[in-house]
Amino acid sequence: MKRKLVALTGAGISAESGIPTFRDSGGLWEGHRVEDVATPEGWMRNPGLVLDFYNQRRKRAREVEPNRGHYVFAELEEYFDVTIVTQNVDNLHERAGSSKVIHLHGSLFESRSTMDELLVYSIEGWELKVGDLCEKGFQLRPNIVWFGEMVPMMEVAAEIAGEADVFIVAGTSMVVYPAAGLIGYVRREVPKFIVDPNKPQLSDAPDIQFITEKASTGMEKVKKILIADY
Ligand code: OAD
């Protein structure tokens with residue numbers, strides 16, 4: 001049986017594909033305040049603005065391609081039982097060929113009912129508009145976890161992290177919880193790698209191997225180390 005490799009990825013894994021990270025852009029997301037576009041309050045104030053913000057990001061995500069970082073994760077499936085827990089709402093891991101991807105913060109390519117969170121639909125084109133309704137007649141919103149909302153997939157992700165034989169963190173500043181806490185569920189003796197050109201802040205990091213590089217070259221290095229060890 002293959003050993004279990006679990007990864008936590010964030011905006012940095014998609015940076016080389018041309019999707020800007022959150023915190024490298026001065027606290028603004030494409031010129032918007034986080035409170036305006038990624039909170040339930042922002043949605044109540046101006047749903048049109050929020051829909052447009054995600055429409056633009058969806059459009060962009062459809063135009064870009066996965067990079068080596070994403071592909072290396074897919075290639076590792078030859079050697080490991082790989083599960084990727086991503087904070088990203090793009091689908092570049094899937095497009096690179098990864099078969100088990102958990103989206104902690106939801107997906108750009110899904111909408112959901114504002115009345116019933118279990119009514120989830122896939123978005124075929126790039127646009128979701130005011131007036132697009134669920135089957136019960138309520139406005140649709142992006143199926144994205146906003147600040148102040150529960151992270152329903154966290155429980156599943158924590159359980160999987162607890163079973164990891166290898167753990168990789170790639171391209172996340174590790175400042176948004178509960179996602180950043182995932183590493184806390186990984187068993188102590190498990191080898192851990194962090195791939196990021198800037199060292200993320202970690203309070204207790206005794207046996208973590210830091211690869212301070214971009215995801216593309218950094219993940220190639222991790223793959224080499226893991227395969228040599230295989
Ligand atoms: P951040 O923007 O906070 O962090 C991006 C990380 O990627 C930083 O540590 C960068 O150093 C690193 N980075 C930049 N370029 C890189 C590259 N080429 N290769 C590898 N790493 C690179 O993004 P996240 O940690 O993903 O939440 O942010 C977490 C959450 O905060 C997001 O999911 C989003 C946001 O608020 C929601 O939307 C709910």
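Me: When do two strands pair, and which strand pairs with β9 over 5 bridges?
Reply: Two strands pair if DSSP finds at least two bridges between them. This is a predicted model. Here strand β1, residues 3-9, pairs with β9 in the parallel sense over 5 bridges. Leu-5 stands opposite Val-166 in β9.

Me: Which strand pairs with β9 over 4 bridges?
Reply: Strand β10, residues 192-195. That pairing is also parallel. Ala-170 stands opposite Val-195 in β10.

Me: How many helices and strands does the chain have?
Reply: It has 8 helices and 11 strands. The radius of gyration is 18 Å, close to the 17 Å from the globule rule for 230 residues, so the chain is as compact as a globular protein of that length. Its C-alpha atoms fill a box of roughly 55 × 35 × 30 Å along the principal axes.

Me: What share of contacts joins residues 24 or more positions apart?
Reply: Contact means heavy atoms within 4.5 Å. Among contacts with a separation of 6 or more, the share is 63%.

Me: How many side chains are positive, and how many negative?
Reply: There are 26 positive and 34 negative side chains. The centres of the two sets lie 3 Å apart.

Technical notes
Residues are numbered from 1 along each chain as its sequence is written. This is a predicted model: local features need pLDDT of at least 70, side-chain atom pairs count only at pLDDT 80 or more; totals for chains, interfaces and linings use all residues. Side-chain values use heavy atoms; hydrogens and water are left out. The radius of gyration is taken over C-alpha atoms; the globule rule is 2.2 Å times the number of residues to the power 0.38. Lys and Arg count as positive and Asp and Glu as negative; His and the chain ends are not counted. The place of a charge is taken as NZ of Lys, CZ of Arg, CG of Asp or CD of Glu.
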